[in-house]
Amino acid sequence: MIIRKLRANERYKSDMVSAVAFEWGMDYLKAKAEAEAMTPEEIAEKDKAPEVDEDSFLSDRFRESVWAALDDDDSTVFGAVTISNYTVNFDGHTTLMGGVGGVSTLPHCRRQGAIRECMRAALADMNENGFDFSFLYPFSRAYYRQFGYENGAMTRVYTLDFKSLKKYGSRGSIDMLLPGDDLSVLTELYNKYYSQFNLNCARHSYEKSYEDGSFLQKQQYIYVWRNDAGEARGFMSFRKDDGVMDCTYSFSFRGGFVFLDADALCGMLDFAQKLAPHYHAIKFALPDNRSIDAIISEGNDIECSLEYNGMARVVNVERVLKQCRCRGQGSLNISVSDKMCPWNNGVWRISYAPGRENEVALTDEAADIELDINMFTSLILGVTSADDIPYMPMAKLNNQDAHLGDVFYKKLCLCSNLF
């Protein structure tokens, strides 16, 4: 078995593996003919790093890559993993995250370790190129835990029957966006709303699929709420689903419900109620830290479910510890074990104080706490906190007096991109 990146003229082979594994259609002969017709110059052009300008994100320097498992003939692909590149926030810093998708193996070639080795190679490549995190949306959480990934933050999915709401008396205005309108206001509001969230993906465009102007044809409606001063403070993008104004995200539908303050939230809920009787409820997802219970008039007419926001893993422990935002002054010795990324293994001493960068180095000193990479990821991102450590079977606390809460505490965390 050979593990390597595919070149541009080989991508049709991994597309075929995905088409078979996920049972979707593909014109294989056409894709093969187009690939074989590519000139060496065309292949080199598609494979080279993109040219970037001063307004580019860190991730714009890289092309999407496909890591594949090939037979010993080095031409037959039977398993593949696609890595997309994202610029994300982490504790006030900007860094890189590798988004894992297209994980697939031909049915008759499974259980041979193809995906494990593709993931191992992809993570090593991420590390060498300065990626600090990786993220994915799993078909099985137990399966991806073996590669070091752990559950992301929770989201609250609300379905509010209009009977649960009241008239909020909002004083702003709301405008509908039409095909051909300037959609940059959506990007501006999105970036403001998520600017403090770990693993939030920076975007040049809120949603590229809106830009062809077909959203209205697809019966998708976009509204922007403005305050009395005319400043955009929120937006909602929805479609009708059995009388429900559905603003939630899915891989087939890019919805959205974003508000920068309570006035914008109440203003959009006031507007939603004006669409009765065509709609009887509104549905949207919020980060788990955003509770709106205080504005709900009648709690018996709502539904609220908790959903995991994918799975994440730290790619480079040392770089992440240098960037993490600590509270107070002190030091902590953290032992990390990582079967997939051996450069993360060891006892890491982090020394921190207000007004200076964290000092991080390997040490021979005893560990205050021992963590596998899964639990380390969850804790350092702020998905969980020091209070949760007693309920982590893979965590071992050696120093009861260690100031774990200085480093491991709850934070805003949410990846809103789907891939």
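A residue is called buried here if its relative accessible area is under 20%, and exposed if that area is over 50%. The model is predicted, and in it the buried residues of helix α9 are Ile373, Asn374, Met375, Phe376, Thr377, Ser378, Leu379, Ile380 and Leu381. Nine of the nine residues of α9, which runs over residues 373-381, are thus buried, and the helix is mostly covered. Gly382 follows α9 and has a positive phi, near 90 degrees.

**Cysteines**

How many disulfides does a search of the whole structure find? The search finds zero. Cys304 is in no disulfide, and the nearest cysteine sulfur, which belongs to Cys247, is 15 Å away; Cys304 itself is partly exposed, at a relative accessible area of 43%. Cys413, by contrast, is buried, with a relative accessible area of 7%. Its closest cysteine sulfur is that of Cys415, and because the two sulfurs are 8.6 Å apart, they are too far from each other for a bond.

**Aromatic rings**

A search of the whole structure finds 31 aromatic pairs, and two of them are set out below.

| Pair | Centre to centre | Angle between planes | Arrangement |
|---|---|---|---|
| Tyr193 and Phe197 | 6.3 Å | 25 degrees | stacked |
| Phe238 and Tyr279 | 5.9 Å | 85 degrees | edge-to-face |

Why is the pair of Phe238 and Tyr279 edge-to-face? Planes over 60 degrees apart count as edge-to-face, and the planes of Phe238 and Tyr279 are at 85 degrees, so this pair falls in that class. The pair links distant parts of the chain, since Phe238 belongs to strand β10 (residues 232-241) and Tyr279 to the loop between α7 and β13 (281-287), 41 residues apart. Phe238 is buried, with a relative accessible area of 1%, and Tyr279 is buried as well, at 8%.

The ring of Tyr279 also has the charged end of Lys240 sitting over it, 5.4 Å from the ring centre. Elsewhere, Arg313 lies over the face of Tyr149, 5.9 Å from the centre of that ring. Tyr193 and Phe197 belong to one aromatic cluster, whose other members include Tyr158, Tyr190, Tyr194, Tyr206, Phe257 and Phe284.

**Ser164**

Ser164 is placed in the loop between β7 (154-161) and β8 (173-177). Is this serine, Ser164, buried or exposed? With a relative accessible area of 0%, Ser164 is buried. A polar atom of its side chain lies 2.6 Å from the backbone oxygen of Asp161. Not counting residues up to four places away in sequence, Ser164 touches Ile296, Ser297, Glu298, Asp301 and Ile302.

How values were computed: Residues are numbered from 1 along each chain as its sequence is written. This is a predicted model: local features need pLDDT of at least 70, side-chain atom pairs count only at pLDDT 80 or more; totals for chains, interfaces and linings use all residues. Side-chain values use heavy atoms; hydrogens and water are left out. Buried means under 20% relative accessible area, exposed over 50%, partly exposed in between (1.4 Å probe, protein chains only). Helices (H or I, at least four residues) and strands (E, at least two) are DSSP runs, numbered from the N terminus. A disulfide is a pair of cysteine sulfur atoms within 2.5 Å. Rings of Phe, Tyr and Trp (its six-membered ring) pair if their centres lie within 6.5 Å; planes under 30 degrees apart count as stacked, over 60 as edge-to-face and the rest as tilted. A charge sits over a ring if NZ of Lys or CZ of Arg is within 6 Å of the ring centre and within 35 degrees of the ring normal. A polar contact is a pair of N or O atoms within 3.5 Å; within protein, one must be able to donate a hydrogen and the other to accept it, and residues adjacent in sequence count only if both atoms are side-chain atoms. Contact means heavy atoms within 4.5 Å.
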